[in-house]
Amino acid sequence: MFKACFSDIWEHPSKVTFMGKDKDEKLILLMRRHIITNLPWAITGAALFFLPMFLTFLINLGEITAFDFLSPGYISVLLIFWYLIVFMYFFENYLVWFFNVYLVTNKRLVDVDFLGVINVQVTDAPIENVQDVTYSVSGIVETVFNFGDVKIQTAGERREVEFEMVPNPSYVQDVVSDLASGVNNEL
Amino acid sequence: MNYNLTALDISLVDPITLLFLFKIALVIGLSIYTLFSLVTVRQTVLLGGTLKTDVNPFFKIISLMNLAASTFLLLFTIFVL
C-alpha cells in the first residue's frame, strides 16, 4: 500500500492498469516526478497549517481586541473551514503528483498529464517509433537526489515524448533504449 | 447632539451588524469550497478511470468525506450559527 501511494519509480507494478491497455500489454515501468519535487508545496502546506496558531499568539501578545465581536462558535467554524482549505491544498497537490504518471509498457510509452484541477492530457507513442533516447540531470538538487528529464525522439506525428524530473534517468533511458532496440530487431 | 450617522458608520460601530457581514462572508466562502469539493469528487472518479490502482477507492472516500464535511459546515453556519 505504501509503495502504491508514494513510489516515484515502480518496476512491473502490481495491481496497476490504465485506460486503453491491451490484454497482451505488460506494464514495465511506472514513473512519477521524484518525490522530493513535492517539497515546496509540502512546506507551504505546513506553514498554512501553523498559521492560525501563529496569529493567535500574535493577537494575544499584542492584546488586539478587533476580533472580540466573534463568539467561540464563529471562531470554531472559521478554524474548521481553514483546516478544510489546508487539507484540500494537500490533497489536490498530492493528486496532481499521483496521477501525473509516465508509463513504459512492452508496446508503448504513455504520458498522463494532469494539469491543474480539471485538465487531463494523455499521449502515447509506440515503442517501435522510438529513435533516440537522451537524459539530462542539471542542477544541485537534481544531482544530489539523482533525478532529471528523459527525452525520447520518435518517428511519429508527435516528435518528442518527455519524462520530466523522473528518478534515476540513466536507468530509465537504458530500459527504453533496450525495449526499442529489442522491438526494432524483431521487426 | 449630532445623530447624522451613515450606514457605514453604523456597521462599524454595531457588533451585531459586523457579525452578520462576517457570517455572509463565511457562507460565500463555504459555498465556493463546497462547489470545489464537488469538482474534486468528479475529478477523482475521472482520474481513477485513467490510471487504475488499488488505492483509488480511498481517494474517492476521502473526497466524499471532504464534501460531506464542507456541506455540513455550510448548513451549520446558515441554520445554527
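**Exercise 1.** Find the element that holds M65(B), and decide whether this residue is buried or exposed.

*Solution.* Start with the element: M65(B) sits in helix α3 of chain B. Helices here are DSSP runs of H or I with at least four residues, strands are E runs of at least two, and both are numbered from the N terminus. Next, the cut-offs: buried is under 20% relative accessible area, exposed is over 50%, and partly exposed is in between (1.4 Å probe, protein chains only). M65(B) has 56% relative accessibility, so it counts as exposed.

A quick word on the ground rules: this is a predicted model, where local features need pLDDT of at least 70, side-chain atom pairs need 80 or more, and totals for chains, interfaces and linings use all residues. Residues are numbered from 1 along each chain as written, chains are lettered from A and ligands numbered from 1 in written order, and side-chain values use heavy atoms, without hydrogens and water.

**Exercise 2.** Describe the layout of chain B.

*Solution.* First count: chain B has 3 helices and 1 strand. Then read along the sequence, and you get α-α-β-α. Finally, buried residues make up 35% of its 81 residues.

**Exercise 3.** Work out how confident the predictor is in chain A.

*Solution.* Chain A has a mean of 89, and 95% of its residues reach 70 or more. Now go by element: helix α1 (residues 2–6) of chain A has the lowest mean, 82, while helix α4 (residues 140–145) of chain A has the highest, 95.

Technical notes:
pLDDT is the predictor's confidence in each residue, from 0 to 100.
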